[in-house]
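Here is a short briefing for a first look at this structure. It takes one topic at a time.

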Amino acid sequence: MNKPTRRKIALIGGGGVRTPLVVFGINESSEALGAEELALYDLDQERCRVMAELGNAIVAEEGGTLRVRVVSSLEDAVDGASFVLSSIRAGGNQARAHDERVAIEHGYPGQETTGPGGVAMALRTVPIAVEQAKAIERLSPDAWLINFTNPAGLITQAIQNRFSAKVVGICDTPSEMMHRIRTALNEDEESCCCDYLGLNHLGWVRRIWLRGEDVTERLFGDDDFLNKVYSVKVFDHELIRALKLLPTEYLFFYYSRRKALENQHKQGSTRGAEIQQLNERLLGNLAELLQQGDARGAVVSYKNYLNVRSGSYMKLEGNADSALTEVYGGEEDPFRAASGYHRIAIDVMKALCGSAPKRIVVNTRNLGSIEDVDADDVVEVPCMISADTITPEPCGRLPEAVRGLVHAVKAYEREAIEAALSGSSTSMRKTMLLYPAIGEWEPSERLLQELIVKC
């Protein structure tokens, strides 16, 4: 990639509530990134304006030089960009809440990227993501597309199989889990290394190395350690010991579907519905504070929102608790957290710039990394990322305990991409049939009728 002295970065989906986190991260690393400008684009221009205003307040508070501006078209956003971040939610949080409610009504856990909700999200998002990738390839062929958009692995594969554009999918789930492992052990990244493999939202830590020693078996037998690894106890410890793998939280919706559904019934809501309410409350507060000229108050309100949101993660599904009853009174600064949504994006971009080569778990073309997955399929594995290059680590074969599940979910992802682009209702029903989180033909017709409204 020809590296300009000062880079333009674009964010598609700039009206999203995590945009200010990205602004902070890019501003903080502007020198390493050579970042001069962040262009925000969103169909909801008013939300985008609020996020840009808050972003500029953050830059001013931090003493940075990054320019944050709102653009009115996708073309204006991506033209001349060195990096394009994509973080869209087709249909908004209303669609997520709808999908999760429909899933529950049909006897499946309600979750945005797994089960019927995941199918609906894929069907409505793939065509939009593909069109956006086409514009990026035309206007900025040397740009890296950093895909946040969920379902991240599936969307990355849809783009990668159709365009020459450089694309990588990112998710903070693996890095967050590894951070919690190191925190539980009171160790740093240099001392503690994790062996990870899988697909997006379908991944496992296979080995934990502490200063070169394999301590996996000892740690898997330590209940205190396992309690610290998860923010909510979603997995029975005997399940972990039976698998001899440490699943990421999203496997809860495969391994404990009845428990997740029971807790959602007990609580009477879904994560999507609660996030929708939290977001509406946040946007109202931000608009009022910014209109009053209270930029500092807006930043504080935003930080409190982030802490409530992250602090309540998986509590509804795992414990039947509610995010709406959370009251945050701590001093933690989510901008400066060691892991999270913005950290992985910045780490990947810095590494691609060559300023900080790093081992990072991302979603990329397999290329033999996992021996029993096709070379062109997108997998979620540790990669060495350096100047303009992403090289997946050799991971060997999938553990037998998860091999069938990974192959079945990958077959579902391939079919979902084709169904989304063809619009074939038969292919959409086949998508649900192939997907282990549904896996039946008869329910697919009604599910499709009720979900397609939002697709």
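Ile 385 stands opposite Ile 390 in strand S13. Strands here are DSSP runs of E with at least two residues, while helices are runs of H or I with at least four, and both are numbered from the N terminus. This is a predicted model, in which local features need pLDDT of at least 70, side-chain atom pairs count only at pLDDT 80 or more, and totals for chains, interfaces and linings use all residues. Residues are numbered from 1 along each chain as its sequence is written, and side-chain values use heavy atoms, with hydrogens and water left out.

**The hairpin of S12 and S13**
- S12 and S13 pair in the antiparallel sense, over four bridges. Two strands pair if DSSP finds at least two bridges between them.
- Two residues lie between the strands of this hairpin, and Asp 388 takes a positive phi near 60°.
- Strand S13 spans residues 389-392. Its covered face holds Ile 390 and Pro 392, and its uncovered face holds Thr 389 and Thr 391.

**Glu 380**
- Glu 380 sits in strand S12, residues 378-386.
- Glu 380 is buried (under 20% relative accessible area; exposed is over 50%, partly exposed in between, with a 1.4 Å probe and protein chains only).
- Glu 380 has no salt bridge (a side-chain nitrogen of Lys or Arg within 4 Å of a carboxyl oxygen of Asp or Glu).
- The nearest side chain of opposite charge is Lys 410, 10 Å away. Lys and Arg count as positive, Asp and Glu as negative; His and the chain ends are not counted.
- The side chains of Glu 380 and Asn 200 make a polar contact at 3.0 Å. Such a contact is a pair of N or O atoms within 3.5 Å; within protein, one must be able to donate a hydrogen and the other to accept it, and residues adjacent in sequence count only if both atoms are side-chain atoms.
- Leaving aside neighbours within four places in sequence, Glu 380 is in contact with residues including Cys 171, Tyr 196, His 201 and Val 361. Contact means heavy atoms within 4.5 Å.

**Two loop residues**
- Arg 18 lies in the loop between strand S1 (7-12) and helix H1 (19-28). Arg 18 is partly exposed, at 30% relative accessibility.
- Arg 18 and His 342 are 324 residues apart in sequence, yet 8.2 Å apart in space, C-alpha to C-alpha.
- Gly 439 lies in the loop between helix H19 (425-434) and helix H20 (442-451). Gly 439 is partly exposed, with a relative accessible area of 39%.
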